[in-house]
Amino acid sequence: RMYLGLEARDVTTGFRFWSSDLLAKVLGQKIQSNSYAFQEEMLFHAYRLNGTIVESPITFKDREVGASKLGFSDIKEFFSVLVNLRKQYGPLKK
């Protein structure tokens, strides 16, 4: 959130309302991510395109059994996408 200058409170999960026009514009961008990082990447492009984002918070119950689905490659891609977005576009201006 801070690294890219995003205003959203929750950049990794959450329920967002998208207008069809904004979604079409964002999907017209080159999306680099092949996994979970797509959420941050789409949010970044939405803000970059002057979109208005409305968040509806989601409260998750702590995991009682099982393990995270995220692997090392997902985490590596997440940070790689963030660094590439900032290199390409810089942080968003507020």
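I began with α2 and listed its buried residues: E40, E41, M42, L43, F44, H45, A46 and Y47. Buried here means under 20% relative accessible area, exposed means over 50%, and partly exposed lies in between (1.4 Å probe, protein chains only). That is eight of the eleven residues of α2, so this helix is largely enclosed by the rest of the structure. Its buried residues pack against β1, α1 and α3. Just after α2, I noted that N50 has a positive phi of about 65°.

A note on what I'm looking at: this is a predicted model, where local features need pLDDT of at least 70, side-chain atom pairs count only at pLDDT 80 or more, and totals for chains, interfaces and linings use all residues. Residues are numbered from 1 along each chain as its sequence is written, and side-chain values use heavy atoms, with hydrogens and water left out.

Next, the overall layout. I found three helices and two strands in the chain, and from the N terminus on they run β-α-α-β-α. These are DSSP runs numbered from the N terminus: helices are H or I with at least four residues, strands are E with at least two. The C-alpha atoms fill a box of roughly 40 × 30 × 25 Å along the principal axes. Of the 94 residues, 30% count as buried. I also looked at contacts (heavy atoms within 4.5 Å). Among those with a separation of 6 or more, 76% join residues 24 or more positions apart.

Then I took the helix pairs. How do α1 and α2 pack? Helix α1 (residues 20–27) meets helix α2 (residues 38–48) at about 110°, with the axes 9 Å apart. That makes α1 roughly perpendicular to α2. My rule for the angles: under 35 degrees is roughly parallel, over 145 roughly antiparallel, 65 to 115 roughly perpendicular, and the rest oblique. The axes are lines fitted to C-alpha atoms, for helices over the stretch in contact, and angles run from 0 to 180 degrees between N-to-C directions. On the α1 side the contact uses L22, L23, V26 and L27, and on the α2 side M42, H45 and A46. I sorted these into six nonpolar, one polar and no charged. For that sorting, Ala, Val, Leu, Ile, Met, Phe, Trp, Tyr, Cys and Pro are nonpolar, Asp, Glu, Lys and Arg are charged, and the others, Gly among them, are polar.

The pairing of α2 with α3 has an angle of about 20° and axes 10 Å apart. That makes α2 roughly parallel to α3. I listed E40, E41, F44, H45 and R48 of α2 against F78, V81, L82, L85 and Y89 of α3. This contact splits into six nonpolar, one polar and three charged.

Which residues have the most contacts inside the largest nonpolar core? I got L4, L6, L43, F44, Y47 and I53, in a core of 17 residues. A nonpolar core is a set of buried Ala, Val, Leu, Ile, Met, Phe, Trp, Tyr and Cys residues joined through side-chain atoms within 4.5 Å. The elements giving two or more residues to this core are α1, α2 and α3 (72–89). Its largest share, five residues, comes from α2.

Last, I checked R1, in the segment before β1 (15–17). R1 is partly exposed, at 43% relative accessible area. Leaving out residues up to four places away in sequence, R1 touches L6, E7, A8, R9 and V11.
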